[in-house]
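Have the viewer open while you read.

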Amino acid sequence: MSPDIVLHPHQKNAVAHQLYGDNTLLAHCVGAGKTYEMAAAAMESKRLGLAQKSLFVVPNHLTGQWASEFLTLYPGANILAATKKDFEPANRQKFCSRIATGDYDAVIIGHSQFEKIPLSTERQEAMIERQIDEIEMAIETAKAENGERYTIKQMEKTKKSLAARLERLNDRSRKDDVVTFEQLGVDRLFVDESHNYKNLFLYTKMRNVAGIAQTEAQKSSDMFAKCQYLDEITGGKGITFATGTPISNSMTELYTNMRYLQYGTLQRLGLGHFDSWASSFGETTTAIELAPEGYNLVGR
């Protein structure tokens, strides 16, 4: 590390937490030095033999800035930073091969570039099949408890979209010769501005409760699947998320963060389903709140 830079005590604590603890969420406010915390954790992980190759997933427009900040802290680091050109269809295969074959201290790529590196088809299929199994169980439970028809319909609609996604994966007609995520040799993942992945699929019997978002983004499902893979190979110690806004507009974002980073713990405690989690850590209250227009009150 550059002798000109001395980390603050809270930064050293954050690095120690990443090295000695399990998956980590760095939810410091903007300007607290999360970039240096992650760079130092990556270099120390490699020095101590805890990880071989760290992948940094950062907002697209910040890849260059991240690389220069990393080199400010570690002038001798061997870094591979992606440019927009590297992920054009003609160059993507070549760039992914460079990640897979090179011995880099850190590889820095943009959020949208990360999505373009697929997991193996087998792993994607297994993941979707597991989601279908989970939703089938939830539908059975809802029917047994005479749940609301609307809830069951929503779940069946989700099941149908998952089945369609599985069918698209099974269609091997398009030749797939890309380097998969597993082949990159990455065993440590750092995600900057992780709130961009807050819209992860969940199903719940709760209705008309403010603060429960049920939107799903494909990039979040992709991130979730890759986190599951990293948990498998690292024993739940290979992921760091960093964000200044861990919760922006929905309490489900807390649950989502825990699913990304503490999936095994949630399953072990029987809190994998959102409703179980919400009944343990949350409370539904009725309150008066100002309407968005600002002049009349609405009940929530």
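## Ground rules and Ser-220

Helices here are DSSP runs of H or I with at least four residues, numbered from the N terminus. Keep in mind that the whole thing is a predicted model.

So is Ser-220 buried or exposed? Ser-220 comes out at a relative accessible area of 0%, and it counts as buried because the cut-off is under 20%. Its side chain gets to the backbone oxygen of Tyr-197 at 3.4 Å. Skipping neighbours within four places in sequence, Ser-220 has contacts with Tyr-197, Lys-198, Asn-199, Leu-200 and Tyr-260.

As background, nonpolar side chains in soluble globular proteins tend to be buried together. In this model the largest nonpolar core holds 34 residues. Those with the most contacts inside it are Leu-55, Ile-109, Phe-114, Phe-181, Leu-189, Met-223 and Tyr-260. At least two residues each come from β2 (54-58), α4 (89-101), β4 (106-110), β5 (188-192), α8 (218-234), β6 (239-242) and α9 (252-261). Which element gives the largest share? That is α8, with six residues.

Leaving out residues up to four places away in sequence, Phe-114 touches Leu-55, Val-57, Ile-109, Phe-181, Leu-189, Tyr-197, Asp-222, Met-223 and Lys-226. There is also a second, separate core of 26 residues, including Val-15, Met-38, Ala-41 and Met-43.

## α2 against α3

Packed helix pairs are described by the angle between their axes and the distance between the axes. For α2 (residues 34-47) and α3 (residues 63-73), the angle is about 65° and the axes are 10 Å apart. The crossing of α2 past α3 is right-handed.

On the α2 side, the contact uses Thr-35, Tyr-36, Met-38, Ala-39, Ala-40 and Met-43, and on the α3 side it uses Trp-66, Glu-69, Phe-70, Thr-72 and Leu-73. By type, the residues of this contact split into eight nonpolar, two polar and one charged.

Met-38, which sits in α2, is buried at 0% relative accessibility. Beyond its neighbours within four places in sequence, Met-38 is in contact with Gln-18, Leu-26, Phe-56, Trp-66, Phe-190, Asp-192, Thr-240 and Ala-242. For a sense of scale, Met-38 and Arg-168 are 130 residues apart in sequence and 37 Å apart in space, C-alpha to C-alpha.

Glu-193 and Ser-194 belong to the loop between β5 and α8. Most residues other than glycine have a negative phi. Glu-193, though, has a positive value, with phi near 55°. At a relative accessible area of 27%, Glu-193 is partly exposed.

Ser-194, in contrast, is buried at 3% relative accessibility. Not counting residues up to four places away in sequence, Ser-194 touches Leu-25, Phe-241, Ala-242 and Thr-243.

## α9 under cover

How many of the ten residues in α9 are buried? Eight are, and the helix is described as mostly covered. The buried ones are Thr-252, Glu-253, Tyr-255, Thr-256, Asn-257, Arg-259, Tyr-260 and Leu-261.

What covers them? The cover includes β1 (24-26), α8, β6, α10 (263-268) and α11 (274-281). To link back, Tyr-260 is also one of the residues with the most contacts inside the largest nonpolar core, and it is a contact of Ser-220.

Definitions and conventions. Residues numbered from 1 in each chain as written. Predicted model: local features only at pLDDT ≥ 70, side-chain atom pairs only at ≥ 80, totals over all residues. Heavy atoms only, no water. Axes fitted to C-alpha atoms, helices over the stretch in contact; angles between N-to-C directions. Left-handed = near helix turned anticlockwise from the far one by under 90°. Contact = heavy atoms within 4.5 Å. Nonpolar A, V, L, I, M, F, W, Y, C, P; charged D, E, K, R; others polar. Core = buried A, V, L, I, M, F, W, Y, C linked by side-chain atoms within 4.5 Å. Buried < 20%, exposed > 50% of the residue type's maximum accessible area, 1.4 Å probe, protein only. Polar contact = N/O pair within 3.5 Å; in protein donor to acceptor, adjacent residues only side chain to side chain.
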